[in-house]
Amino acid sequence: MQRSAPAAAPEAAGILHRHYLLVTSGACALVFLAAFESLAVTTIMPLVSRELDGADLYALAFAGPLATGVIGMVAAGNWSDRRGPVGPLYASVALFVLGLLIAGTAGSMASLVAGRLVQGLGGGALTVALYVVVARVYPPVLHPKIFAAFSAAWVIPSLVGPFAAGIVAQAASWHWVFLGVVGLVVPALLMVVPALRGLRAPAGTGAPEGSSDPGRWSYARLAWAALAALAVLALNLSAQVPVAGGILAAAAVVMALVAVRPLVPRGTLLARRGLPSVILARGLVSAAFFGAEVYLPYLLVERYSFSPTFAGLTLTGGALAWAGASAVQGRMGAKLSNLRAMVIGSVMVLAAVVLALVTTVLGWPAAVAIAGWISAGGGMGLMYPRLSVMTLAMSTPATEGFNSSAMSIADSLGGALALAATGIVFTALTTTTTAGGVPGGSFAGVFALTAAIAVVAVVVAPRVAARKAS
């Protein structure tokens, strides 16, 4: 039989209650390690590229895992709807570990990229599998708290990951940044295992809206996921094509939008009320936030002569605000409605990006943009856990995998497409100046684009609430 939570656990128990302690600790540890690895690789990749003479494959080492992650998300979602989350979780961890081993023992840049591709496949599947585990193990009243814990587990590595990776690479070797994580992933999974006993696919429920029967493998969805992955790779690499880069970029965007339609609930791209708008909002806020975040430290270094370390503290401030806001919304529970959290959070992100844009154009003090980015982190902390809560609340047991994968896909593709687009804009406007004659038109273009995306997110935010029956 399907099990929603340990039998003896009262519904009001917290996520650290003895019935949930192991699964909470293990799941958060898996999220933490995935986030740590992502940030750590960013720190060591220049060293890796130089040692392996792999400058030509540098971008692919980052874009590749993002692309294969989409395939992993779809596969894990389909598998979870068919058989429950146990198999997908084990398989995703196995692929993640295999990718770490390949990358950690790589003697060439091509081998390292291959490991990163496998790692991304496992990481994408892991996210979806954990969301389905949450739906089956924890009662709905605890969903805001466990997703707040996930947010904190994802944000905290931004405080320690880059520094720790640098220390390991200098004291030992960059290989151990990959290999060292392997020994931590397995104990984290073992803590989750007791909660997985008895979790099976639900029977007698329908298929996700716009999807095929969850009792069968949807090979068509896997093919669309592969096409979306190719589109992400093409868009990320289009800037390196000297003549036809613009045409390739436009074709990649169209291909990504066509490919994503079967992977998300029907009506997502049209912002239909309810679950479709929840999924769309996740992609939009991810695009606006991460598309701007990458360039804020760059702006501080280039325009304000900040050291890289000091500029990075801006992101740390946003990360702390994200973790703090996640904890606050988790404690508030029903006192803060999902709709209000979405509206407030999206406005905070928009305000932060606009402040970065105005700071760039008018040459305002850097403190303005930095303060704004702390606000952006707070907005994301309000929204991200609630988007996860709404996704599960609007799902049936048979659609939890499909909808969780759709949310993760929107998150991944939103950020990937925005980063690719901002990269193209930044390159195109490198030699321009702002309206006030201040160098930095490229930064202004980036923040203008992400501000436009944030405006759309604010418009979509009220539509996450399903239309009330008359």
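Ala, Val, Leu, Ile, Met, Phe, Trp, Tyr, Cys and Pro count here as nonpolar, Asp, Glu, Lys and Arg as charged, and the others, Gly among them, as polar. The legends below describe close-up views of a predicted model.

**Figure 1. Overall make-up of the predicted model.** The protein contains 16 helices and zero strands. Of its 470 residues, 53% count as buried. Among contacts between residues at least 6 apart in sequence, 82% join residues at least 24 apart.

**Figure 2. Lining of the second largest pocket.** The second largest pocket holds about 510 Å³ of space. Its lining is made up of 22 residues, and L257, L284, L413, G414 and L417 are the closest to the pocket centre. Sorted by class, the lining has 19 nonpolar, three polar and no charged residues. Helices α9 (245–260), α10, α15 (400–428) and α16 (441–460) each supply at least two lining residues. The largest share comes from α15, with seven residues.

Figure 3. With 29 residues, α15 reaches 42 Å from its first C-alpha to its last, close to the 42 Å expected at 1.5 Å a residue. The helix is largely enclosed by the rest of the structure, because 22 of its 29 residues are buried.

Figure 4. Helix α10 covers residues 275–293, and its end C-alpha atoms are 27 Å apart. A271 is in the loop between α9 and α10. The phi of A271 is near 55°, a positive value in a residue other than glycine. A271 has a relative accessibility of 11%, under the 20% limit, and therefore counts as buried.

**Figure 5. The largest nonpolar core around F447.** The largest nonpolar core has 125 residues, of which L89, L112, Y138, F150 and F447 touch the most other members. Not counting residues up to four places away in sequence, F447 touches A292, Y295, L296, L299, V353, A356, L357 and T360. Apart from this core lies another, of five residues, among them A234, A249, A252 and A420.

Figure 6. The 25 residues of α13 (residues 338–362) should span 36 Å at 1.5 Å a residue, and the end C-alpha atoms are 36 Å apart, which agrees. The buried residues of this helix are A341, M342, G345, S346, V349, L350, A352, V353, A356, L357, T359 and T360. An α-helix has 3.6 residues a turn, so residues three or four places apart point the same way. The buried residues of α13 pack against α10, α11 (296–304), α14 (366–393) and α16. After α13 comes G363, whose phi is positive, near 70°.

**Figure 7. V349 in helix α13.** V349 lies in α13. Its relative accessibility is 2%, so V349 counts as buried. Leaving aside neighbours within four places in sequence, V349 is in contact with A288, A376, G379, M380 and M383. The C-alpha atoms of V349 and V458 are separated by 9.1 Å, although the two residues are 109 apart along the chain.

Figure 8. Helix α3 covers residues 86–104 and includes S92. S92 is buried, because its relative accessible area is 1%. Beyond its neighbours within four places in sequence, S92 is in contact with G122, A125 and L126. A103 is also placed in α3. At 0% relative accessibility, A103 counts as buried. Not counting residues up to four places away in sequence, A103 touches L112, G115, W174 and F178. One of these, L112, is among the residues that touch the most other members of the largest nonpolar core. The C-alpha atoms of A103 and L117, 14 residues apart along the chain, are separated by 9.5 Å.

Conventions:
Residues are numbered from 1 along each chain as its sequence is written. This is a predicted model: local features need pLDDT of at least 70, side-chain atom pairs count only at pLDDT 80 or more; totals for chains, interfaces and linings use all residues. Side-chain values use heavy atoms; hydrogens and water are left out. Helices (H or I, at least four residues) and strands (E, at least two) are DSSP runs, numbered from the N terminus. The expected span of a helix is 1.5 Å times one less than its number of residues. A nonpolar core is a set of buried Ala, Val, Leu, Ile, Met, Phe, Trp, Tyr and Cys residues joined through side-chain atoms within 4.5 Å. Buried means under 20% relative accessible area, exposed over 50%, partly exposed in between (1.4 Å probe, protein chains only). Contact means heavy atoms within 4.5 Å. On a 1 Å grid over the protein atoms alone, a cavity is a set of points where a 1.4 Å probe fits but cannot get out, and a pocket is an open set with protein on both sides within 12 Å along at least five of seven lines; lining residues have an atom within 4 Å of a point. Grid points are joined across faces, edges and corners, and a volume is the space filled by probe spheres set on the points.
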